Amino acid sequence: MWNVRGGRRRSVDLVAQARAEAGRRHADEATHPAAPARRSERSGLLFGLIVLGIVGFFVVQGVFGDEGRAWLQENACAVTGCTGPGMATAGWLLIALPLLYVVTVGACWSRLPGRARPVVILVGAPLVMSGLLFVPGRRIDLDELVDGPGQYATATGITWAGAGVGLFVLALLVVPVLAKNRKVSLPTAWTPLVAAGACLAMLGVALARVDPVPVTADLAFPERTFTVEGDTLTRTSAADQRGCAGVLEDDRPLDGCLRTVRGSWTTDDSDAVVRLAAVLFPSRSAARERRGSLPDGTGQAGITGEAIDVVSVSGNWVLFTGVGHADGRAVAGTDRGYLLWAATQVGYRFIGHQVGLLVSPTPKDGIGPRTP
């Protein structure tokens, strides 16, 4: 029992240290009686948010689904002009903004007055619902959730925002452990700050990976020449612009347009000239509405000489196609068939490159190549 080297004294010291440690814990609990309660409240809030998120995912996907995604993308496209950086930022916000909001509210929840809590939940619900609409499921890829102009930029923004969420979760697991090992107390604001830093870093990556605009003349008309049914057309000019100023004599019927791509083609006998002006809108419904307000045969501004004018709609595009003789002479009845054939080729080629499926027109109803 007795140790000549001081074993009794060491035993007494250990007991005294244990008693002192217990006394400090009791003092801390007496000084901060709400600390355990706050920890319990935060744990309960986190568990409730996880359960609510899982349930909300299925409810939001089932109830709002395609309509909600289309509405959000169309409005983002209208606001940003469907530019690559704009749509990437919109996609990033769909994921990052709900995360930052929830994390900030979770960090400050215990300090919020009771009356403010329902308001905070009501404000955050639409943000969380919007983000859940773009979360891929087990059988649904992200490519199936985004559509329309700037869809690739939107998907890029969503993808890298998801990477930011993953980086934040990793920090959430690692940082508290390191802080505990080093006996460092983390401030309340550390979680929102880490979440914001992770998401902003990934936004920079997303912006660096997108093209400036959703479509250019080079993308819309990638071929210098193409041949259908032995009839070869050669592109003689191509241009693109933001908006649609100058497409028609009056710009008002095309209000809400985003971009315009133009091109001119001539046939291999250099007789027929086709001029196409394709005007992009933020949604299919907007394109159909604008087309419906225009009379058939509406012609492009600035074209001299007699021409056959065709107005059509394809997806988000309203197409203005004008075709006539290279020298501008009058179009005879016997000329209409092969002139419209050249215009049809150009229209089919443009649409094919937009949807990723090139389909050749078939001669019919007197519309066909000049030398069949």
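Visitor: Which residues form a nonpolar patch on the surface?

Guide: In this predicted model, the patch consists of Leu 167, Val 169, Leu 170, Leu 173, Val 174 and Leu 178. Together these residues have about 520 Å² of accessible area.

Visitor: Where does Leu 167 lie?

Guide: Leu 167 belongs to helix 6, which covers residues 151–181.

Visitor: And how does Leu 167 count in terms of accessibility?

Guide: Leu 167 counts as partly exposed, with 40% relative accessibility.

Visitor: Let us turn to the cysteines. How many disulfides does a search of the whole structure find?

Guide: The search finds two disulfides. One is formed by Cys 77 and Cys 82, and the other joins Cys 244 to Cys 257.

Visitor: What is the pairing when the bonded cysteines are numbered in sequence order?

Guide: The pairing is 1-2, 3-4.

Visitor: How many Å apart are the sulfur atoms of Cys 77 and Cys 82?

Guide: The sulfur atoms of Cys 77 and Cys 82 are 1.6 Å apart in the model.

Visitor: Is that link left-handed or right-handed?

Guide: The link of Cys 77 and Cys 82 is left-handed, with -110 degrees about the S-S bond.

Visitor: Are its two cysteines buried or exposed?

Guide: Cys 77 is buried, having a relative accessible area of 1%. Cys 82 also counts as buried, at 1% relative accessibility.

Visitor: Now the other one. What is the S to S value for Cys 244 and Cys 257?

Guide: For the disulfide between Cys 244 and Cys 257, the S to S value is 2.1 Å. The torsion about the S-S bond of this pair is about -85 degrees, so the disulfide is left-handed.

Visitor: Where do Cys 244 and Cys 257 lie, and what does the pair tie together?

Guide: Cys 244 and Cys 257 each lie in the loop between strand 2 (231–242) and strand 3 (259–267), so the pair ties together parts that are 13 residues apart in sequence.

Visitor: Is Cys 257 buried or exposed, and what of Cys 244?

Guide: Cys 257 is buried, with a relative accessible area of 18%, a value that falls under the 20% limit for that class. Cys 244 counts as buried too, at 6% relative accessibility.

Visitor: One more topic: what are the relative accessibility values for Cys 108 and Cys 199?

Guide: Cys 108 is partly exposed, with a relative accessible area of 33%, whereas Cys 199 counts as buried at 0% relative accessibility.

Terms used:
Residues are numbered from 1 along each chain as its sequence is written. This is a predicted model: local features need pLDDT of at least 70, side-chain atom pairs count only at pLDDT 80 or more; totals for chains, interfaces and linings use all residues. Side-chain values use heavy atoms; hydrogens and water are left out. A disulfide is a pair of cysteine sulfur atoms within 2.5 Å. Buried means under 20% relative accessible area, exposed over 50%, partly exposed in between (1.4 Å probe, protein chains only). Helices (H or I, at least four residues) and strands (E, at least two) are DSSP runs, numbered from the N terminus. Patches are made of residues with over 30% relative accessible area and no salt bridge: like charges are joined within 9 Å, nonpolar side chains (Val, Leu, Ile, Met, Phe, Trp, Tyr) within 5 Å. Accessible areas come from the Shrake-Rupley method with a 1.4 Å probe; for residues, only the protein chains shown count as cover. A salt bridge is a side-chain nitrogen of Lys or Arg within 4 Å of a carboxyl oxygen of Asp or Glu.
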